[in-house]
Amino acid sequence: MTQDDTKTMTETKDPILSIRNLTMMFGRKRQQATQMRMDNKSKEEILQKTGVTIAVDNISFEVERGKIHTLIGLSGSGKSTVVRCLNLLLTPTKGKILFEGKDIQTLSSRQLREYRRKNVSMVFQSFGLLSHRNVLDNVAYGLEVRGVPKSARVDKAMEMIEMVNLKGWESKSINDLSGGMRQRVGIARALANDPDILLMDEPFSALDPLVRQDMQFELLSIQDKLNKTVVFITHDINEAFKLGNTVSIMRDGRIVQTDTPEDMVINPADEYVSNFINSADKAQVYQVKNFMQIPSSLVRLQEGANVALAMMRSNNVSSAYVVDNRMNFVGVLSLDAAFQVRAGELTFKDALFKDLPTTTQDTLISDLIPIASQSRFPIAVLNDEGKFAGIISKAAILTSLK
Ligand SMILES: Nc1ncnc2c1ncn2[C@@H]1O[C@H](COP(=O)(O)OP(=O)(O)O)[C@@H](O)[C@H]1O
Ligand SMILES: [Mg+2]
């Protein structure tokens, strides 16, 4: 086993989809095009000679269950073609798509209908809503087609309408809704089928920036609640990084790199990827844990101000972080306050700065900037159990933005 094999195995624990050597050509002379490709002819030459477009060119990647996988690339790089192959709206010219290990091209037509009904649901940019139906009936549409009884489909649709924060709008006409609301309806309709995988082809691209941010947040919280697998297509690197647990960058029908946003930023595969990343807002990628530190002066409440003072002096810092016996963060003791305690002007407890803002390890740096700019001390970072885990300084935050 090579090192690369080990890496893939540890990173992808439970692939729900495996895309293997997928190729998609448009045009009649695909055989001739395939031969020319094997002879290493360029795509341009192949298009000229045969009229065949190689939209997707021998790509492989895995989609992990319960995660968001984003596909990003410029217009025409093959993203939509890939996603249309995943539910066999397009039949691949070559390669395999495995759903839970099973080759979807070997499904019978009945099984394929089941697969499209139960396992994958598509959300389009253009919403694809029925304008003569109200919100509820749009959301319930898929269930109706499946013959789900009325009361059951209304219940399910209402649950999903609530999930996307459209409660109260269920009997409104689609024509009365804003773009963002329509997209919520589109998502609710896809969710109502309770699919394992949501395929989303640039669903938010037509929305204005603020609505778009709302929808991104909405998608993340839905995903958190329902644990769906999402394949999300975008041409916006910030959106790709914000939403994706894993990101694949496409260029000319190929995947240049598949990685976590962080690893991609730290280790871009080539200059194309670096250029893409340079246009991204890094604060949207980095999390607190990437830049947190252990404070050099960490004191237990029972140890008192003199211990804190000694530590600050030997470490040459002007504040000490104070925790209780269970590592709960209590507050910060400044050097000045420590002197006041020693002079008997204040008790140790009264000298502490309490009620300071705290943050968590997976907070995005971008979300921390407003808090950090107001904060007198480096911000305490708490772990998942709410215990003190470290600090993040303003300087570290600024460094992360370079
Ligand atoms: N039905 C089709 N017939 C011919 N060419 C197509 C068809 N669909 C897509 N293409 C071509 O395949 C390439 C990839 O397109 P697409 O997958 O839509 O890219 P993206 O979604 O990244 O913008 C483009 O060159 C496009 O013109
Ligand atoms: Mg597209």
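User: Which element gives the most to the shell around ligand 1?

Analyst: In this predicted model, helix H4 gives the most to that shell, with 3 residues, where helices (H or I, at least four residues) and strands (E, at least two) are DSSP runs numbered from the N terminus. Residues are numbered from 1 along each chain as its sequence is written, and chains are lettered from A and ligands numbered from 1 in the order in which they are written. Because the model is predicted, local features need pLDDT of at least 70 and side-chain atom pairs count only at pLDDT 80 or more, while totals for chains, interfaces and linings use all residues, and side-chain values use heavy atoms, with hydrogens and water left out.

User: Which polar atoms lie by the oxygen atoms of ligand 1?

Analyst: A polar backbone atom of glycine 76 is 2.7 Å from an oxygen atom of ligand 1, an N or O atom in the side chain of lysine 79 is 2.8 Å from an oxygen of the ligand, and a polar side-chain atom of serine 80 lies 2.9 Å from a ligand oxygen.

User: And how much of ligand 1 does the protein bury?

Analyst: The protein buries 60% of the 560 Å² that ligand 1 exposes when taken alone, with accessible areas from the Shrake-Rupley method and a 1.4 Å probe.

User: Changing topic, is aspartate 224 buried or exposed?

Analyst: Aspartate 224, which is found in helix H10 (residues 209-226), is exposed because its relative accessible area is 61%, and exposed means over 50% (1.4 Å probe, protein chains only), buried under 20%, and partly exposed in between.

Note on methods. Polar contact = N/O pair within 3.5 Å; in protein donor to acceptor, adjacent residues only side chain to side chain.
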